[in-house]
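Please look over the sequence and the model shown here. The paragraphs that follow go through a few parts of the fold in turn.

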Amino acid sequence: MNTRDLSYFRVLVEKRNYTEVAEMFSVSQPTITQAVKRLEKEFNSKLVHVDRVHQKTEITRSGYLLYEKSKIIQKNIDLARKEIKASDSDKIKFGLPPIIGTLYFPQVVQRLAQESLFQRLQISESGSSELLDELDNGNVDIAVIATIKPIQSPKYEVEYLGSRPFSVIVSAKNPLAQSAEPVDFKNLMSEKFIRLTGKYIHSQMLDDYCKFYGIEPEIVYDTPDISWFKSLIRADVGIGILVKDEVSPYDKDLVCLDIADPLPESFNISVIHRKSYILKPDEQKLVEVLKQMNIGNTNGGYY
């Protein structure tokens with residue numbers, strides 16, 4: 001089976017016009033027609049019905065089935081191209097979320113430099129949810145990510161490093177900061193919230209808590225910037241949810257409150273790569289060094 005035939009067919013399903021498909025690929029219309037015929041012969045099934053009376057191109061059920069599978073085939077072919085191209089490079093495509101990069105990654109930087117690995121990292125800095133997408137499409141081959149529950153997917157090879165709790169973050173000026181007791185999330189119904197958005201899992205965590213306790217939070221500001229997130233909370237514009245380690249003694253005028261009734265979700269950190277991806281020796285060494293990160297120790301340095 002010719003993969004180009006599948007490409008022609010996939011676009012034909014989307015456009016329903018032989019002429020447009022031919023123009024898109026800069027080939028003749030009979031080329032597209034012959035490609036469809038070869039696929040129909042290959043699968044012994046009618047894929048396309050042309051209604052010449054009404055000038056309509058109709059896709060059969062078999063055609064739709066092949067269309068859906070062809071998208072998966074194309075994705076795997078694209079992924080294979082990226083992996084094979086990367087095999088000739090000494091760079092390592094590595095994904096690292098900003099929070100993990102700030103809190104835990106410094107522990108192993110010295111060791112990575114000693115192993116001549118740090119200089120070879122081609123780092124993609126993004127949130128964990130976006131890095132999972134980058135991992136799936138081959139733009140990243142290895143990543144350290146956080147998820148609210150441990151990863152259990154047959155697609156990935158996972159090295160679980162540990163977990164950290166989420167906390168409610170408030171300004172020192174907020175009345176909630178005056179209590180040393182853990183806060184009941186259900187009592188935060190009247191509070192205004194600042195929400196970390198987009199690339200971070202914190203927005204999902206906030207949504208989960210609010211849904212569980214039947215709260216419709218008043219979101220006064222969404223931001224993907226942690227510094228701005230903290231600044232708004234420091235100014236008592238609202239409160240927020242953040243992994244506990246992200247609030248340090250240097251974050252003046254911010255108070256970190258434990259949650260008295262936590263959900264069975266936390267900031268779970270893992271080293272991950274595609275199970276179908278064969279690691280190069282230096283990538284295997286990278287994974288071994290990353291596994292030595294001490295989750296919960298945020299003082300930096302190598303341990």
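Leucine 117 touches Ile92, Leu112, Asp282, Lys285 and Leu286, leaving aside residues up to four places away in sequence; contact means heavy atoms within 4.5 Å. This is a predicted model, in which local features need pLDDT of at least 70, side-chain atom pairs count only at pLDDT 80 or more, and totals for chains, interfaces and linings use all residues. Residues are numbered from 1 along each chain as its sequence is written, and side-chain values use heavy atoms, with hydrogens and water left out.

Leucine 117 sits in the loop between helix H6 (106-114) and strand E4 (121-125). Helices (H or I, at least four residues) and strands (E, at least two) are DSSP runs, numbered from the N terminus. Leucine 117 counts as buried because its relative accessibility is 1%; buried means under 20% relative accessible area, exposed over 50%, and partly exposed in between, with a 1.4 Å probe and protein chains only.

Which residues of H3 are buried? They are Ile32, Ala35, Val36, Leu39 and Glu40. Seen down the axis of H3, these buried residues fall within an arc of 135°, so they line one face of the helix; the arc is that of the directions from the helix axis to the C-beta atoms. An α-helix has 3.6 residues a turn, so residues three or four places apart point the same way. Pro30 and Lys41, on the other side of H3, are exposed. The cover over the buried residues of H3 includes helix H1 (3-15), helix H2 (18-25), strand E1 (48-51) and helix H4 (61-87). After H3 comes asparagine 44, with a positive phi near 50°.

H3 also gives the most to the lining of the largest pocket, with five residues. On a 1 Å grid over the protein atoms alone, a pocket is an open set of points with protein on both sides within 12 Å along at least five of seven lines, a cavity is a set of points where a 1.4 Å probe fits but cannot get out, and lining residues have an atom within 4 Å of a point. The largest pocket holds about 330 Å³ of space; a volume is the space filled by probe spheres set on the grid points, which are joined across faces, edges and corners. Of the 14 residues lining the largest pocket, Tyr18, Thr33, Val48, Val50 and Arg52 are the closest to its centre.

The largest cavity holds about 50 Å³, and its lining consists of Pro97, Ile99, Ser128, Ala146, Lys199, Tyr200, Ile201, His202 and Phe267.
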